[in-house]
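This report goes through a structure from one of its helices to its ligand. The sequence and model come first.

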Amino acid sequence: MPELKREEILSINQKGWNEVASIFYGETALPKYGPLASTENELNLIQNLDDKRVLELGCGSGHTLAYLWEKMNASELWGLDFSEEQIRFAKEFLDKKSIPAKLFIASMDENPGIPEDCFDLVMSIYSLGWTPDLPHTLALVYSYLKPGGIFIFSWEHPVYQCLDYNVNIGKYVFERSYLEEGPTLKSSWKGVEIVINHRKLSTYINAVIQSGLVIENVIESEPNFSLALEQDFSPDRWYSIPQAQLMPTTFIVKAYKPK
Ligand SMILES: C[S@@+](CC[C@H](N)C(=O)[O-])C[C@H]1O[C@@H](n2cnc3c(N)ncnc32)[C@H](O)[C@@H]1O
């Protein structure tokens, strides 16, 4: 199959995310960094946000932005998401709480008018991996941050994506090679077509380094039993405690823009 182009990826994924937005309402948002993963309450990666300006890439339903406002005292919120449906949810959710936020409908690998050298914190919770152009997205993150500003993102661990539970043999098996990178068309939630961008962990880490940001911390999360429901102990679920005990569901990176 010929490699999918940026425009094709965006159009398939935008349509897909508009269809599945309601399934993810508030699901992957701070204080959670990811499914069955360590939380901000345990990791304390975010320091005092008094008088601080924050931007979230892939802000979804706005729950992370609300957390940064209500619990961390951020003074200005900006968010970007390419799904009209997600931005509609975010507007509704934040308006109900009278939380002001500047929201953009755009892909995170383009700048729809976000100011440069302006943000104390850029966040992306379970969204960065969706970008069709990782190096350019990280160059934008670098440009948005003030010198000394912090970038924190979390994403599904690339090894976790390779493993699947085979019910016939009762074991986890590698379904695909960890080493194979690139966009792949998949039928996902509710059978909706979506393009997953497979990348190795080192691809993320090296892209952050190449953007000029300095990595302060990389976390490969332990399973978080306190987030687990009864069904999460079933090994054949995509996110399950048995699989999370073998490998992290999530990795988290904290980096900063040098002064
Ligand atoms: C798992 S959700 C993250 C939700 C968010 N952390 C929250 O607090 O609700 C992933 C989000 O990434 C968005 N997304 C996917 N590809 C994108 C892209 N290229 N540019 C911007 N947003 C994108 C989706 O629309 C979706 O809202």
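Which residues of helix α5 (residues 134–144) are buried? They are Leu-134, Thr-137, Leu-138, Leu-140, Val-141, Ser-143 and Tyr-144, where buried means under 20% relative accessible area, exposed over 50%, and partly exposed in between (1.4 Å probe, protein chains only).

## Basis of the values

This is a predicted model, in which local features need pLDDT of at least 70 and side-chain atom pairs count only at pLDDT 80 or more, while totals for chains, interfaces and linings use all residues. Residues are numbered from 1 along each chain as its sequence is written, and side-chain values use heavy atoms, with hydrogens and water left out.

## Helix α5 and strand β1

Helices (H or I, at least four residues) and strands (E, at least two) are DSSP runs, numbered from the N terminus. The cover over the buried residues of α5 includes β1, β4 (119–125), β5 (145–156) and α6 (201–211); contact here means heavy atoms within 4.5 Å.

Strand β1 (residues 53–57) is largely enclosed by the rest of the structure, because four of its five residues are buried. β1 runs parallel to β2, and five bridges join them; strands pair if DSSP finds at least two bridges between them. Within this pairing, Val-54 stands opposite Leu-77 in β2.

## Asn-18 in helix α1

Asn-18 is found in helix α1 and counts as partly exposed because its relative accessibility is 26%. Leaving aside neighbours within four places in sequence, Asn-18 is in contact with Ser-83, Glu-84 and Glu-85.

Asn-18 and Ser-83 are 65 residues apart in sequence, yet their C-alpha atoms are 5.7 Å apart. Their side chains are joined by a polar contact of 2.8 Å, that is, a pair of N or O atoms within 3.5 Å; within protein, one must be able to donate a hydrogen and the other to accept it, and residues adjacent in sequence count only if both atoms are side-chain atoms.

## The ligand

The ligand is surrounded by 23 residues, each with a heavy atom within 4 Å of it. The closest are Thr-28, Thr-64, Asp-81, Gln-86 and Met-108. α1 (6–20) and β2 (76–81) each supply at least two residues of this shell.

A polar side-chain atom of Asp-81 lies 2.6 Å from an oxygen atom of the ligand. For Thr-64, a side-chain N or O atom is 3.0 Å from a ligand oxygen.
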